[in-house]
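I opened the notebook on this model to look up how its ligands are held. My entries follow the order in which I checked things.

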Amino acid sequence: MSVEQVAVDQAAFRRVLGHFGTGVVVITGSDGAQPVGFACQSFAALSLDPPLVLFCPARTSRSWPVLERSGWFCVNVLSESQQSVSTVFGRSAPDKFAGVRWRPAPSGAPVLDGVLAWIDCSVAAVHGAGDHYIVVGRVETLGETTGERPLLFYRGAYAGLGPTSQPPPPDLDAFLTGLHPDDWM
Ligand SMILES: Cc1cc2nc3c(=O)[nH]c(=O)nc-3n(C[C@H](O)[C@H](O)[C@H](O)COP(=O)(O)OP(=O)(O)OC[C@H]3O[C@@H](n4cnc5c(N)ncnc54)[C@H](O)[C@@H]3O)c2cc1C
Ligand SMILES: NC(=O)c1ccc[n+]([C@@H]2O[C@H](COP(=O)([O-])OP(=O)(O)OC[C@H]3O[C@@H](n4cnc5c(N)ncnc54)[C@H](O)[C@@H]3O)[C@@H](O)[C@H]2O)c1
């Protein structure tokens, strides 16, 4: 199989970077009266001690200034059955929360019904990077539900994990609890 080199134009960037499949989150917040939020795949765990995460909003984002002013945001990890939620929050719309059920996290930022996990954060640092910002959040509280599978975004389209062909290895618990402090997890 040949490895083709292509020019770095925007179409190639999207096509090639699309091979890096990710989960999908909705980053939410509030100005104290109105909730705001947007779909996001540039989310990552960053640091265990202290507990930090990051995401990257576009400089043109209209939700980000609201989150920055409040000093808080909540990361909502979408489940496989929440593709329509990602579609709603991935577009510009006057009221993305119409018809969406949610409850407030301790910060007041929305936790959407049906998410796999939520991570409530204070804004710890903001760095400009190209046409986006890199936002570092300190994890203040978090929670999870179990049973559902994650929503994935891969090559510009939604995907799921598919049926599990193999059960997890029987020694998975021992592997996860036997990590050396220098191991990256
Ligand atoms: C799977 C997925 C992953 C995504 N990942 C990311 C990500 O990692 N980072 C990211 O930044 N985005 C990401 N997006 C895109 C993002 O969800 C959408 O752009 C979303 O609409 C942004 O919401 P917002 O509230 O920030 O801005 P919105 O208010 O929804 O505005 C979106 C854009 O529309 C334009 N716009 C709309 N209305 C006006 C107006 N009246 N005046 C001027 N400009 C206007 C602006 O350019 C603005 O950036 C992702 C989308 C999907 C579906
Ligand atoms: N990081 C982002 O800001 C980001 C990521 C994914 C999608 N989006 C936006 O969501 C919408 C739907 O996307 P699509 O279905 O056309 O997928 P797409 O084909 O544009 O996305 C393919 C890949 O390109 C990259 N990408 C796309 N837009 C980007 C951007 N503005 N900045 C940095 N990386 C970007 C991402 O890695 C993504 O997985 C588009 O408007 C897209 O720009 C933004």
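Entry 1, ligand 1. I began with alanine 58: one of its polar backbone atoms is 2.8 Å from an oxygen atom of ligand 1. I count a polar contact as a pair of N or O atoms within 3.5 Å; within protein, one must be able to donate a hydrogen and the other to accept it, and residues adjacent in sequence count only if both atoms are side-chain atoms. I then found a nitrogen atom of ligand 1 at 2.9 Å from a backbone N or O atom of cysteine 56. A polar backbone atom of serine 92 is 3.5 Å from an oxygen atom of ligand 1. Alone, ligand 1 exposes 950 Å², and the protein buries 65% of that. These areas come from the Shrake-Rupley method with a 1.4 Å probe; for residues, only the protein chains shown count as cover.

A note on the source: this is a predicted model, where local features need pLDDT of at least 70, side-chain atom pairs count only at pLDDT 80 or more, and totals for chains, interfaces and linings use all residues. Residues are numbered from 1 along each chain as its sequence is written, chains are lettered from A and ligands numbered from 1 in the order in which they are written, and side-chain values use heavy atoms, with hydrogens and water left out.

How many residues surround ligand 1? I found 21, and the closest are Ala39, Ser42, Ser61, Arg62 and Ser63. A residue belongs here if one of its heavy atoms lies within 4 Å of the ligand. Strand β3 (residues 35-40) gives the most, with four residues. Strands are DSSP runs of E, at least two residues, numbered from the N terminus.

I listed its surroundings as Phe13, Arg14, Leu17, Gly18, Gln41, His132, Phe153 and Gly156. Glutamine 41 has a polar side-chain atom 2.4 Å from an oxygen atom of ligand 2. For arginine 14, I noted a polar side-chain atom at 2.7 Å from an oxygen atom of ligand 2. The protein covers 56% of the 640 Å² of accessible area that ligand 2 has on its own.

A polar atom of its side chain lies 2.9 Å from the backbone oxygen of aspartate 113.
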